[in-house]
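Work through the exercises below with the model open beside you, and try each task before reading its solution.

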Amino acid sequence: MAPIQLLINNSPHEVEVDPDTPLLWVLRDKLNMTGTKYGCGMGLCGACTVHLDGQAVRSCQTAVSSVASKKITTIEGLSVDNSHPLQKAWIAEQVPQCGYCQPGQIMSAAALLAKTSRPSDQQIDSAMGGNLCRCGMYQRIRRAIHRAAGEGA
Amino acid sequence: MAISRRNFVVRSTVAGAGLLVGLRFSGPMLLSQESEKAKKKGPVNPFDAYIHVHPDGNISLIVAKSEMGQGIKTGLAMILAEEADVDFNAVSVEQAETRPDIYEHMGTGGSGSTMENFMPLRRAGASVRELMITAAAQKWNVPKTECEAKQAIVRHTKSSRHATYGELVDAASKLPLPDPEKVPLKNESQFDLIGHATPRVDIPSKVNGSAGFGLDVRVPEMVFAVVARCPTFGGKPLHFDASKAKAVPGVRDIFEIPALGKDMYTAGGIVVVADSTWAAMKGREALQIDWDRGPAASESSAILRQSLRTAASKPGKRIRNDGNVDEALPSSAKRVEAVYEFPHLAHATMEPMNITVHARAGEAEVWAPTQSPDWVQRTVAKLLDLPSQKVIVHTTLLGGGFGRRYMADYPAEAAQIAKVVGKPVQLVWSREDDMTHDFYRPAACHRMRGAVNQAGHPLLWSHTITSTSIGAFWGSPDKLEESEVGGAKQMPYTIRNVRLEYSAVPSSVPPLWWRSVEHSFNGFAVECFIDELAAAAGRDPVEFRRGLLVKPANWKPKDEDDPDPARLRGVLDLAAEKVGWSKPLPKGKGRGIASYHSFGSYIAEAAEVTVTGKDFKIDRIIAAIDCGQVVNPESVRAQAESAIIYGLSAALKNEITIKDGAVEQSNFDGYDPIRIDEAPPIEVHILKSKEDPGGMGEPALPPAAPAVANAIFAASGQRLRRLPFQLKT
Ligand code: FES
Ligand code: FES
């Protein structure tokens, strides 16, 4: 196992793991960055969503060896003080219920807004369709994305 | 002074430590300032929670209630702050350590948290305020009635004097507590917090990844474990070969744990312990196991469905029998019959089951996302041969509960593993484990029979329920119907001849309460069948229901679950008004309604749908809610939205099926809850009410599916009687 260099939230990290290990488990178990969640391990729920060079990806489906040269952003890197417009909107709309899916929801929404500053309902559906919320907070998620877009995320 | 069940007991606390008031949430009202003597009184202290007023005037409420997203911590802080008359932000709610020697009632479920806590907490809060006023009045030597408390300050306006709670707390802690039954409470018009939307305190940590769920527990030296369980219920490993698994990098240990008996109901299996979750999962994949598939290896949903249908056509145990449903009907009567069928369902909480246990010499520490920390404690203590007090349980945040996290199976497995491992070990259930070894909502079949006369009035209502009884499985043979007939027994419509019967059908699929328990199917059967009767009578479904929700002048509830017909009619009317019930809809669209009472709350929901061939879309849902006195309307709304989507996932998509004794669905591909593009807009309307607070975690669920089914009927003429829905063209 050769060490792998990672750039996460602008800080360099070095890990020694099997190169096939999904990024999700490197974050959670090796680096103790537990904001990124495990929900299904199969790319079906979106709880593990992070950004790779700004694109939303499912970290449970991303081998750590494939991200060594990329810029990784996790929920912990979105802001240090809940000041990201999406975080503010999430609080204003009181989105989280149990909260478990929310880091993944917010990361998917952030990637959407970075590309599409004023998304339509349909664009929200297609960008967010991979993120399950078992607590069913979907209309709040939709409202919060519109709110953040209105405030120029 | 001894602790009596009726009186306050007053003790001075250690000087300078502030004021400590114990309270209980059920049974006779009791408050006490804690004392050394009370602490020593014996193993069982009668308090469920403590209020600690600190010398700086801040207040902690120390209570064992699990936060599953229902906003319980916010609600409790609001109630306390309201009556104690302090700023909401001055109150912090702390999760109590699990110590049944101190806290007796620790479960969180049955939508009960606000219901049980409301009055005791108000009285306790008011007692704090009263003590502060008394302390101030004594200090200034003025009559109490001239003093006023507001925002943690007592004022005597006449002499322009004031003192903060912090300044008064020492004196207050030496005073006798007022009688909790007599302490003056605010009246509703004085409420600044109760009934006002208040942002939840748990939310900020849930938008930045810092909120700590069970799976997020990280302790030094910890290892991770997964268990390979037999796919069939009651099966066990015959032989296993771990050589390949041991070769997986990071795998440390592999051993077998036995299945545990019925009160815990674990599958047993082969444990893989590793340095990381991923290594443990890879190790498990590499195991070679021959299973003895056990006694239930031939169970299937197809066969079970037939058994349920057969049982539903036979008489069962009589639960309710008004008049005589076998009475001869006039020849002009129209008869209606329907059979409703319900599959098994998984809870599928977003965070899969998990728990972290550290067994040390003579003690253990547990970090658990659980709805019943005291059961976790007893279970772990038993399996580690420790006295309960030697097991500390930290309750983490829960990534969903829905009834599943009441159970002690995953704690039991983790204790078995921790005993061998000797280090802190996190037991992780993969999504597949979670879905294939859940405790499932019972499968059920309901047969309904009814008739209406020529004038459009119902003559009889006969309801036969059969299900894979929760009571039968968990071992109370005299109470097979206990978690199966609620809501059907209290069928609220005034009909002269009513009968309800119940029979259980055996199944090896372990059943459990699922969100809203039996109301999830009884609400469907009752609210769809009343719609079928309305259609047979040629009458409007709202007007038909209204006419049957009659509250006699001398009405009294028959039991605590008996709904007040007037409150049910109140929400029915509100939902009808808000959806615009009488406005015509274009062809292909339909409107349906359902109104239902459960967990002390009354909820009517109206649905609008568009049907195109075999497809349909829910255009919107209107919910009208009477849940008594509302503490935080924001939480009421959120929980209603949540329960509706949860119910619709079951109505539209989800079903657990059994084949060759095993669950066929293993992840969100086979059991896919509603996603954002399928979620209808939901509009929630809350009725003003002074009644006692009802629950809100569950009661919005039961009316959702029948409202949609009734709307689909209105749009297409098709009655959907089996869940999940499937339309014919
Ligand atoms: S955990 Fe990665 S998509 Fe579900
Ligand atoms: S908030 Fe609980 S799963 Fe989304």
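Predicted model: local features only at pLDDT ≥ 70, side-chain atom pairs only at ≥ 80, totals over all residues.

Residues are numbered from 1 along each chain as its sequence is written, chains are lettered from A and ligands numbered from 1 in the order in which they are written, and side-chain values use heavy atoms, with hydrogens and water left out.

**Exercise 1.** Describe the interface of chain A and chain B by its area, its residues and its salt bridges.

*Solution.* Begin with the area: the two chains bury about 4,600 Å² between them, 58% of it on carbon and sulfur atoms, where buried area is the accessible area (1.4 Å probe) that two parts lose on being put together, summed over both. Next take the residues in contact (heavy atoms within 4.5 Å), of which chain A gives 51 and chain B gives 64. Then turn to charge: the rule finds five salt bridges across this interface, a salt bridge being a side-chain nitrogen of Lys or Arg within 4 Å of a carboxyl oxygen of Asp or Glu. One of them pairs B:Asp216 with A:Lys37, at 2.5 Å from N to O. On the side of chain A that touches chain B, the largest share, five residues, comes from α5(A).

**Exercise 2.** Check the length of helix α14 (residues 565–579) of chain B, then describe its surroundings.

*Solution.* Helices (H or I, at least four residues) and strands (E, at least two) are DSSP runs, numbered from the N terminus. For the surroundings, consider the buried residues (under 20% relative accessible area with a 1.4 Å probe, protein chains only; exposed is over 50%, partly exposed in between); among them are B:Leu568, B:Val571, B:Leu572 and B:Ala575. The buried residues of this helix pack against α13 (541–548), β23 (589–598), β24 (601–612), β25 (615–626) and β28 (682–686) of chain B. At the helix start, a side-chain oxygen of B:Asp564 reaches to within 2.8 Å of the backbone nitrogen of B:Ala566, and after the helix comes B:Gly580, whose phi is positive, near 70°.

**Exercise 3.** Which parts of chain B do the salt bridges B:Arg546 to B:Asp573 and B:Asp292 to B:Lys236 tie together?

*Solution.* In the pair of B:Arg546 and B:Asp573, the closest N and O atoms are 2.6 Å apart. B:Arg546 lies in helix α13 and B:Asp573 in helix α14, so this pair ties together parts that are 27 residues apart in sequence. B:Arg546 is partly exposed at 36% relative accessible area, and B:Asp573 is partly exposed at 28%.

The side chains of B:Asp292 and B:Lys236 meet at 3.7 Å, N to O. Here B:Asp292 belongs to strand β13 (residues 288–292) and B:Lys236 to strand β10 (residues 236–241), so the parts joined are 56 residues apart in sequence.

**Exercise 4.** Is B:Gln490 buried or exposed, and which residues does B:Gln490 contact beyond its neighbours within four places in sequence?

*Solution.* B:Gln490 counts as buried because its relative accessibility is 9%. The residue lies in the loop between α11 (470–473) and β22 (497–504) of chain B. Leaving aside neighbours within four places in sequence, B:Gln490 is in contact with B:Arg320, B:Asp559, B:Asp561, B:Asp562 and B:Pro563.

Technical notes: Expected span 1.5 Å × (residues − 1). Polar contact = N/O pair within 3.5 Å; in protein donor to acceptor, adjacent residues only side chain to side chain.
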